[in-house]
Amino acid sequence: MAKAPYIEEGRLRHLFKVAAISGESPLRNVALLTTVYGTGMMLTEIARLPVRAYLNRDGSIRVKSCVDARIAYNGKERPVYWSNAKVTNAIDAYVTYRAAHRQGSTPTATAYRGLDPDGPLFLTGDGAPYKLIERRTNCGTPSYSCDSLSQHFRKLHLQAGIEGASAMSGRRTFAVRLANNGYDLRHINELLGHETLTATKRLIDANPVRLGAIVAKVI
């Protein structure tokens, strides 16, 4: 299976700018994009990520949190860090919008900025949770997908003129950029939640930016 395309810095900035001024729920769209590109999470994880995984009870941001085993794509807990300002600024703008429009609010208005801590952090344009579809593998093991969110990500990329990209482009771009910045494969593997280092290496291999740099110096 072909890898999802890696998105270079300039195109990524363009993607965020277009999402901020286009379509339905631009605040949510930018928050979704920055979360995928800034954490490498899978769509099914983002669809089920609860408010309490991002916010503390007093409304402050949790610097270190986790993708709980109950929502992790492979059923294993792993860390997630809300330490990137671009990501947290985008999510905060969306959370403020949600609270103002009472999307998923709770009577305990002083906690979690008025949002239900167990409710999903991200909602559809109508303010409803994203629906997951359960499928069974040949071995009978359940697997899940969020087709509506997957289609939405493809649409966000297309409206920015980026063809063939998907939410998996965010996961791959996250991994490649960490590798380019010199981070250890084991640390990248831990953030992605892969079972093996081989899986992480396969995602990073054939980095188009690195290959382009090689060709640029050939003569």
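Buried means under 20% relative accessible area, exposed means over 50%, and partly exposed lies in between (1.4 Å probe, protein chains only). The views below show a predicted model, in which local features need pLDDT of at least 70, side-chain atom pairs count only at pLDDT 80 or more, and totals for chains, interfaces and linings use all residues. Residues are numbered from 1 along each chain as its sequence is written, and side-chain values use heavy atoms, with hydrogens and water left out.

View 1. Helices (H or I, at least four residues) and strands (E, at least two) are DSSP runs, numbered from the N terminus. H4 covers residues 85–100, 16 residues in total. From first C-alpha to last, H4 reaches 22 Å, close to the 22 Å expected at 1.5 Å a residue. That expected span is 1.5 Å times one less than the number of residues. The buried residues of H4 are Val87, Thr88, Ala90, Ile91, Asp92, Tyr94, Val95 and Arg98. Helix H2 (26–39) is part of what covers them.

**View 2. The two ends of H4.** At the start, a side-chain oxygen of asparagine 84 comes to within 2.9 Å of the backbone nitrogen of lysine 86. Just after the helix, arginine 102 has a positive phi of about 55 degrees.

**View 3. Glycine 38 in H2.** This glycine sits in helix H2. Glycine 38 is partly exposed, at 25% relative accessible area. Contact means heavy atoms within 4.5 Å. Leaving aside residues up to four places away in sequence, glycine 38 touches Val87 and Phe174. Tryptophan 82 lies 44 residues from glycine 38 in sequence, yet their C-alpha atoms are 8.9 Å apart.

**View 4. Salt bridges.** A salt bridge is a side-chain nitrogen of Lys or Arg within 4 Å of a carboxyl oxygen of Asp or Glu. The structure has nine. Arginine 113 pairs with aspartate 92, with the closest N and O atoms 3.4 Å apart. The pair links distant parts of the chain: arginine 113 is in the loop between H4 and strand E3 (133–136), and aspartate 92 is in H4, 21 residues apart. Arginine 113 is partly exposed at 29%. Arginine 28 and glutamate 24 meet at 4.0 Å, N to O. Here arginine 28 is buried at 4%, while glutamate 24 is partly exposed at 48%. Aspartate 68 and arginine 70 meet at 2.9 Å, N to O. Aspartate 68 is partly exposed at 23%, and arginine 70 is exposed at 70%.

**View 5. Serine 22 between H1 and H2.** Serine 22 is found in the loop between helix H1 (9–21) and H2. The side chain of serine 22 reaches the backbone oxygen of valine 18 at 2.8 Å. Beyond residues up to four places away in sequence, serine 22 touches Asn29 and Gln159.

**View 6. The largest nonpolar core.** A nonpolar core is a set of buried Ala, Val, Leu, Ile, Met, Phe, Trp, Tyr and Cys residues joined through side-chain atoms within 4.5 Å. The largest one has 45 residues. Those with the most contacts inside it are Trp82, Ile91, Leu121, Phe122, Leu149 and Phe153. H1, H2, helix H3 (43–48), H4 and helix H5 (147–159) each supply at least two residues of this core. H2 gives the largest share, six residues. Not counting residues up to four places away in sequence, leucine 121 touches residues including Leu49, Pro50, Ile91 and Tyr94. A second, separate core has eight residues, among them Phe174, Ala175, Ala179 and Ile204.

Technical notes:
A polar contact is a pair of N or O atoms within 3.5 Å; within protein, one must be able to donate a hydrogen and the other to accept it, and residues adjacent in sequence count only if both atoms are side-chain atoms.
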